[in-house]
Amino acid sequence: MTRFFWLASYPKSGNTWMRLALSSLRSGGGAVDINRFRVADETIAADRGAFDLALDVESSDLSEAEILAARPAAFRAMAAELRTTAIWKVHEAYLEAAPGQPLFPPDITLGAVYMVRDPRDVVVSLSHHAGICIDQAIADMASSAHRLSGQRRRAQPQLPQPVLDWSGHVESWLDRPAFPVIPVRYEDMLTGLSGILTRIAAAIGLTVTAAAIEGAVAATRFDTLRHQEAERGFVEKSPKAAVFFRRGGAGGWRDILTEAQAERICTDHGRVMTRLGYL
Amino acid sequence: MELNVASSVAGLCLCGLRVVSDFPLPELPPWVGDDRPADMVIRRGKVPSALPDLVRQTPFAQFAADGTARFEIADVGAFLIRGGCEVVLAPRLPDDAPDIGLFLLGSVFGFLCHQRGLLPLHASCVEVDGRAIAFAGPSGVGKSTLAAALLAQGWRLLSDDVTVVDLGRALVLPSFPRQKLWQDSLEALALSPGRRLRSGMTMEKFEVWQEAGFRDHPLKLAAVCHVVEERLSGRPPLTRHGGLAALALVRSAIYRRAAGEALAGGDGIFTAAAALAANVPQFGLCRPMGFDRLAGFAEALPGLLRERLP
């Protein structure tokens, strides 16, 4: 059976970079155009149109609870239409849509990559991306009720995505799925992307050459992506952000966060940060 | 099929169909046409919990081999849709809750259109310069908001969200003068909301009545504009598509397409899409994001269309 392979992460943790690298890898390691890299079977799992088509309903007329409960069925209906392994981006936590019903059903899942980044860097990136202050980003990442594209006051092209608090997100993906999950730290992508891509290629059954791996690494260097955005813009940039490919890197929080802000993040998420080697 | 409904029930009009309903549907204008028998009957009754011989099933809908459809939203009610002419309704909310009409005039009517061989598009349609222009696209792209902005310029609404096309005559069949708009659009366009569309829920999506700006007569479909948000600057607002690109756009714009393929067969839907793509100009329309430039865009759009249409 053809199945899904999820690229899961909390927002601003390397998901787009990974999608670009895999897109390059699937084309043999060639250059990628940040505005034209989507292939037909690649989308975000929260795509509203795909849900509506699969289930014969207008999700924008449904409550968030009604949508969440129906999503496993929507994924099953979509899986029945897949022709190749579908590598889809996911920001939701690994949740149950209903008791005993995982949002991402294991029976139609090949596996997942879970990308994680030092939450102090995520806070800084998130505040730029969403146009919110640092303290709001810290509060959002500490809220177990936090979700993306919440369906309250305005139309949203994506379905509501419950993400839990940052620690809850990480633990949900690392501990709960009944399918293989490859954990990837953003910081390790910076220093060893080729080894990570090799592991993922094996997991999705993609035969690759060393040259293709190196090509994908080269094609998605931060300066290359930032240069493309500076020249032509980026379709996925939030309207609230000045740029999408802003800084990249690790440890940039040291120049931005106050001591109190950094401490609060460590208080909120210390246990999981320690588990991941961030403390 | 014999349609057995009390003659005292007032007739309503929906897409040129004479509708007789024992459930109140304030969205629909009264029937003012000829004395024909009802084209569509909506009545309360028992809806079976499941249909036999299913060809398609989702958590909300079932489709049987004989073309019968069943639709249910657990907190709202259940609907049985038969023969392109009958809806049996088992509501679970009071009659004055807007939720029943929301789904009845949405997915349920979409299924009925597919049963009747009418082509429903996921589009809002506005009469601009005497031409019916459909604005198609997925939920959240701004079809209804763009239509409301055109109405604010004095143009008239034929339909919101679902546009029904009589392919044989290439006519848009006007639906009803109710729009569905979110709070941020209402504020940006200074429109007064009616009822909250999902009673008892926190979603700030409302009905908006547009009777004064409604065109109730069919009009030849002059163009379909497939709306996308302008995420990169410098793209032309209007791009004509032909051939396979136009066909793919039309196919993606068919309302409840998967259900239609179950009801009318994949060939039927493909043929309908091909006919619409071949006979009606198809454009990509890049609309500005947000509301700051919306009024100016709506003002300029008729001129852009005038340049591109015969």
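This is a predicted model: local features need pLDDT of at least 70, side-chain atom pairs count only at pLDDT 80 or more; totals for chains, interfaces and linings use all residues.
**View 1. Where chain B meets chain A.** In this view, 31 residues of chain B are in contact with 28 residues of chain A. On the chain B side, helix H1 (99-116), helix H3 (183-189) and helix H5 (257-264) each give two or more residues. H1(B) gives the most to this side, with 4 residues. Take a look at the make-up of the chain B side too: 15 of its residues are nonpolar, 10 are polar and 6 are charged.

**View 2. The two domains of chain B.** The domain assignment of chain B gives domain 1 (11-116) and domain 2 (120-308). Their C-alpha centres lie 23 Å apart.

**View 3. The contact between these domains.** Here 25 residues of domain 1 of chain B are in contact with 22 residues of domain 2 of chain B. Strand E4 (54-57), strand E5 (61-64) and H1 of chain B each give two or more residues to the domain 1 side. The domain 1 side divides into 15 nonpolar, 7 polar and 3 charged residues.

**View 4. An open sheet in chain A.** Follow the 4 strands in the order E2-E1-E5-E8 (chain A), and you will find parallel pairing. At the edges are strand E2 (86-90) and strand E8 (181-185) of chain A, each pairing on one side only. Neighbouring strands of the sheet are turned by 20° against each other on average, direction ignored. Strand E1 (residues 4-9) of chain A runs parallel to E2(A), and 5 bridges join the two. Within this pair, Phe5(A) stands opposite Ile87(A) in E2(A).

Notes: Residues are numbered from 1 along each chain as its sequence is written. Chains are lettered from A and ligands numbered from 1 in the order in which they are written. Two residues are in contact if their C-beta atoms, placed from the backbone, lie within 7 Å. Ala, Val, Leu, Ile, Met, Phe, Trp, Tyr, Cys and Pro count as nonpolar, Asp, Glu, Lys and Arg as charged, and the others, Gly among them, as polar. Two strands pair if DSSP finds at least two bridges between them. Axes are lines fitted to C-alpha atoms, for helices over the stretch in contact, and angles run from 0 to 180 degrees between N-to-C directions. Domain bounds come from an automatic or database domain assignment.
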